[in-house]
Amino acid sequence: MKSKVYFTKQFTEEALLKLLAAVGKTPTGKVACKFHSGEEGNQNFLHPEFWRPLVEKVNGTVVECNTAYDGARNTTEKHLKLLKKHGWSDYFDVDLMDAEGPDYEIAIPDGYKIKKNFLGKNIKNYDFLVVLSHFKGHPMGGYGGALKQLSIGCASSYGKAYIHGVGEIEKIWTSDHDSFLESMADAATSVVRLFNGNAIYINVMKNMSVDCDCCAVAEDPCLKDIGMLISLDPVAIDQACIDLVEKSGDRGVPHFMERVNSRNGKHTIVTAEKHGIGTRDYELINID
């Protein structure tokens, strides 16, 4: 059966809340809103003012985890300072989920490449997950969307290195590339199962560079803004974004898709579908 993905070309507060209403699932209990805090120096990440109407609507706590690479977010002390500098902690309750250990270890019995995942331990405190993704390119994954937020995004600093290294943290930057992509799909699957249907996914196709918001020095956007999407299916929403880029006719498409294809980025989507956490077969419903 096709998954439903709702789409709007608008980027207004009203459009964001209209998307939330369209998906037909209301976040309940203690709600975690997973976002990307933006590396220091990055010019493309979506700022807290953009997300504020939605986070307030669901009464959410903004959650994030430390990184596994050098920068302004790889220690709790530095990351908390950057969260303040970027305005996140001015607007929201912010939970740096791996600020203090130990990590929350969960099993992935059917993982293709990794059999366990290490999450920021505070993720256990939440009943519902709202994944807020800025869709863009990525230096290693090819693209970044809902599946990356579920996997690398929810993983602790150690967990990020574990995924990148395909279970061997010393190989964080040297592991077999397709195995790394499959590890991301394994990790994403574990988080989807953890929330057991209590999750929604929003991808925003704006400021789309070939580089991620984790890059302090990122290339400027190469595509015109396309729109915003929401779904209960992380596989479908990421596939829909790739399809919208390819069908857009934008002159920046070859450059953007070279980044996706040279890193075999679609392999993550295909592997996640094999895990059964979603389908690439979707219906795109325009709500404008």
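Modeller: On a 1 Å grid over the protein atoms alone, a cavity is a set of points where a 1.4 Å probe fits but cannot get out, while a pocket is an open set with protein on both sides within 12 Å along at least five of seven lines; lining residues have an atom within 4 Å of a point. Points are joined across faces, edges and corners, and a volume is the space filled by probe spheres set on them. This is a predicted model, in which local features need pLDDT of at least 70 and side-chain atom pairs count only at pLDDT 80 or more, but totals for chains, interfaces and linings use all residues. Residues are numbered from 1 along each chain as its sequence is written, and side-chain values use heavy atoms, with hydrogens and water left out.

Biologist: How many cavities of 30 Å³ or more does the search of the whole structure find?

Modeller: The search finds 1. The largest cavity holds about 60 Å³ of space, and its lining includes F35, H36, W51 and D213.

Biologist: Which strand gives the largest share of that lining?

Modeller: Strands (E, at least two residues) and helices (H or I, at least four) are DSSP runs, numbered from the N terminus. Strand β7 (residues 128-134) gives the largest share, 3 residues.

Biologist: What is the volume of the largest pocket?

Modeller: The volume is about 330 Å³. Of its 27 lining residues, Y69, H138, K148, I152 and C214 lie nearest the centre. Helix α5 gives the most to this lining, with 4 residues.
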